[in-house]
Amino acid sequence: MTETYELTAKEAKLAECGEICFDDFQDPTLGHWNVDGDPAFLCFTLEQALETGFTKHQIAGLIGSLEAKGIIWIEHRDNYYEGPDLFWLSENFCNWLATENQKKEAVK
């Protein structure tokens, strides 16, 4: 059974913040390797999320929703030693994005 994902406009805006670009995902067999595994194109931080214009309260709600839908997973890190928490796109979501992008290209 293939997973499908429904994102609201706000969820999509947050999930695509930082250096993430959904259009970069084109091959549903590659998962995270769609972007050569470059972490900058696969995750975002709270600081990057704040650049979307959402408040911390809104971001918390959106992150909870994205996590519940399996779109992101959270890497909790020690802020002092490792830096801020990272919010990663899930590999299944990346594959789904690539499949959807291929469908769009086929229609063109």
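Helix 4 (residues 91–107) has 17 residues, which at 1.5 Å a residue should span 24 Å, and its end C-alpha atoms are 25 Å apart, which agrees. The expected span is taken as 1.5 Å times one less than the number of residues. Helices (H or I, at least four residues) and strands (E, at least two) are DSSP runs, numbered from the N terminus.

This is a predicted model, in which local features need pLDDT of at least 70 and side-chain atom pairs count only at pLDDT 80 or more, while totals for chains, interfaces and linings use all residues. Residues are numbered from 1 along each chain as its sequence is written, and side-chain values use heavy atoms, with hydrogens and water left out.

The buried residues of helix 4 are Phe93, Cys94, Asn95, Trp96, Leu97, Ala98 and Asn101. Here buried means under 20% relative accessible area, exposed means over 50%, and partly exposed lies in between (1.4 Å probe, protein chains only). Strand 3 is included in what covers these buried residues of helix 4.

Three strands form an open sheet in the order 1-3-2, with antiparallel pairing. Strand 1 and strand 2 (72–75) stand at the edges, each with a single partner strand, so one side of each has no neighbour in the sheet. Two strands pair if DSSP finds at least two bridges between them. Strand 1 and strand 3 (residues 86–89) are joined by 2 bridges, and Cys43 stands opposite Trp88 in strand 3. Helix 3 (residues 56–68) packs on the sheet, touching strand 2 and strand 3. Contact means heavy atoms within 4.5 Å.

Strand 2 and strand 3 run antiparallel and are joined by 4 bridges; in strand 3, Leu86 is the bridge partner of Glu75. In a regular strand the side chains alternate between the two faces of the sheet. Strand 2 has a covered face with Ile72 and Ile74, and an uncovered face with Trp73 and Glu75.

Which residues touch the most other members of the largest nonpolar core? Of its 29 residues, they are Leu14, Phe25, Phe44, Ile72, Leu89 and Phe93. A nonpolar core is a set of buried Ala, Val, Leu, Ile, Met, Phe, Trp, Tyr and Cys residues joined through side-chain atoms within 4.5 Å. Helix 4 gives the most to this core, with 5 residues. Leaving out residues up to four places away in sequence, the contacts of Phe44 include Leu14, Ile20, Ile72 and Phe87.

Aromatic rings form another set of links. Rings of Phe, Tyr and Trp (its six-membered ring) pair if their centres lie within 6.5 Å; planes under 30 degrees apart count as stacked, over 60 as edge-to-face and the rest as tilted. By this rule there are 7 aromatic pairs. The rings of Trp73 and Trp88 have centres 5.8 Å apart and planes at 10°, so this pair is stacked. Trp73 is partly exposed, with a relative accessible area of 41%, whereas Trp88 counts as buried at 14%. Ring pairs also link Tyr5, Phe22, Phe93 and Trp96 into a cluster.

Two loop residues complete the picture. Asp36 lies in the loop between helix 1 (9–15) and strand 1 (43–44); Asp36 is exposed, with a relative accessible area of 64%. Although Asp36 is not a glycine, it has a positive phi of about 55°.

Notes: Axes fitted to C-alpha atoms, helices over the stretch in contact; angles between N-to-C directions.
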